[in-house]
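Please walk me through this structure in plain terms.

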Amino acid sequence: MYNKRFIIPGLVIFVLFVTFPLWFNAFSTASPVPKPELPPGGEKECVAPASEMRDRHMVLLNEWRDGVLRDGERDVITVGGKQYRKGLQMACMQCHTSKEKFCDTCHDYTSVNPFCWDCHLTPEEAALKKETH
Amino acid sequence: MDKQRRKFLKVAGATALAGISAPAVVKLTSSPAIASSGHDAATGHEAPGDAHKAAPHGAEEAPKGVRLGLVVDMRKFYGKPELLDKAIAACNKVHNVPQIDNKKSEIKWVWKAPFENVFPEHSSSHSSKIRKENDFLVMCNHCDEPPCVRVCPTQATYRLPNGIVAMDFHRCIGCRFCMMGCPYGARSFNWENPRPYIKEYNPDFPSRMRGVVEKCNFCGERIALGKEPACLEAVKESGAIVFGDLNDPGSEICEVLDKENTIQRKPSLGTKPSVFYIV
Ligand code: SF4
Ligand code: SF4
């Protein structure tokens with residue numbers, strides 16, 4: 001091979017340069033894997049296993065929404081002996097009481113901006129203007 | 001060659017003429033049949049006499065399923081504006097309805113208005129003092145033939161099997177077609193973020209966001225829990241509002257409707273309101 005002295009170091013530099021984002025992220029602490037807060041109330045059971053919730057919670061919420069609003073499926077769900085009404089405010093947030101420490105951790109990490117909270121009230125927001133009687 | 005072209009043009013011309021005049025011919029020859037089919041086109045070929053027998057003036061088809069309705073007994077509200085306010089405040093509270101003091105931006109689920117605005121078809125030139133001096137309770141009529149539902153391009157507003165005309169705020173794109181369609185002004189548009197105008201939150205219900213339409217939902221979420229509409233509950237002891245199934249002859253609301261003279265808003269429009277008034 002001609003110009004071995006130039007080509008091989010050149011290739012090495014090129015590969016390092018192209019893979020820069022990968023190894024930079026591997027060694028940096030800029031974006032640690034999110035750690036959403038477990039329910040402060042100590043609940044251990046969710047409406048579905050954690051792995052499934054991680055993948056499908058948005059689908060489940062849409063199914064609940066359509067069921068409740070259109071198909072009259074307002075039945076309560078029983079999890080760990082406690083009953084919940086279907087809904088973000090009425091089921092999810094009963095255990096995961098902090099949007100900031102739960103929802104936001106992963107949503108920020110993956111840079112998604114769901115618009116749930118434009119209308120739905122976080123427990124914190126609801127407490128700001130509480131019923132006074 | 002030339003001969004063929006002439007022939008083709010003749011045939012094409014005759015065909016075009018026949019095509020253009022066909023609808024007119026069909027219309028002229030079949031006008032009695034069209035007149036007889038009346039409201040329900042599906043009934044098809046009925047003689048004019050039959051149609052009248054099947055649907056006497058003011059009667060409805062055999063009711064099926066549940067159709068929720070509401071009677072406002074205005075006699076109980078006359079002279080008691082505070083009772084009206086109580087019903088309105090109860091609704092505003094359970095549904096996180098913002099209080100915006102501005103005619104353009106205000107949000108109304110249930111409100112009060114003078115007789116001639118509520119019942120323009122029933123107004124007369126010399127109305128009684130009671131009519132002049134009192135406001136009337138108004139809300140979405142949960143029409144049986146809701147024009148708002150017909151015009152909504154996203155099906156964000158729809159009629160439930162129990163007769164409630166409901167909304168899915170998630171789907172509303174804020175086009176406001178429904179506000180044009182509703183002949184009762186029952187819908188309000190969120191021109192701005194409503195949250196700063198909500199006095200106290202009901203944590204069981206969402207708020208709305210800027211750019212969606214909202215209206216009375218007949219307390220669908222409370223009925224699902226076996227509760228009564230919030231406005232009714234607030235004035236319960238007066239018995240001024242009755243709620244129930246219009247299709248169940250044994251229900252309280254049907255007893256009231258059987259006994260009392262009731263009117264609906266703008267009946268000539270054919271929207272078939274489910275809200276009735278005793279005035
Ligand atoms: S009153 Fe207006 S908003 Fe309510 S169902 Fe009838 S048309 Fe729709
Ligand atoms: S404003 Fe919303 S509810 Fe009304 S017609 Fe448009 S999409 Fe439908």
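The paragraphs below go from the chain contact to the ligands and the domains.

This is a predicted model, in which local features need pLDDT of at least 70 and side-chain atom pairs count only at pLDDT 80 or more, while totals for chains, interfaces and linings use all residues. Residues are numbered from 1 along each chain as its sequence is written, chains are lettered from A and ligands numbered from 1 in the order in which they are written, and side-chain values use heavy atoms, with hydrogens and water left out.

Where chain A meets chain B, 20 residues of chain A are in contact with 28 residues of chain B; contact means heavy atoms within 4.5 Å. The two chains bury about 2,200 Å² between them, 50% of it on carbon and sulfur atoms. Buried area is the accessible area (1.4 Å probe) that two parts lose on being put together, summed over both. On the chain A side, the most area is lost to chain B by A:R70, A:C119 and A:K129, together 31% of what that side buries.

Four salt bridges are counted between chain A and chain B, a salt bridge being a side-chain nitrogen of Lys or Arg within 4 Å of a carboxyl oxygen of Asp or Glu. A:E125 and B:R195 meet through their side chains in a salt bridge (3.7 Å, N to O). The elements of chain A that give two or more residues to the side touching chain B are α3 (50–70), α4 (88–95), α6 (116–119) and α7 (123–128). Of these, α3(A) gives the most, with four residues. Helices here are DSSP runs (H or I, at least four residues), numbered from the N terminus.

Over all chains, the structure holds 23 salt bridges.

Ligand 2 is surrounded by 13 residues, the closest being B:C152, B:C172, B:C175, B:R176 and B:C178. A residue belongs to such a group if one of its heavy atoms lies within 4 Å of the molecule.

Chain B is assigned domain 1 (2–54) and domain 2 (68–278), with bounds from an automatic or database domain assignment. The centres of these domains of chain B, taken over C-alpha atoms, are separated by 44 Å.
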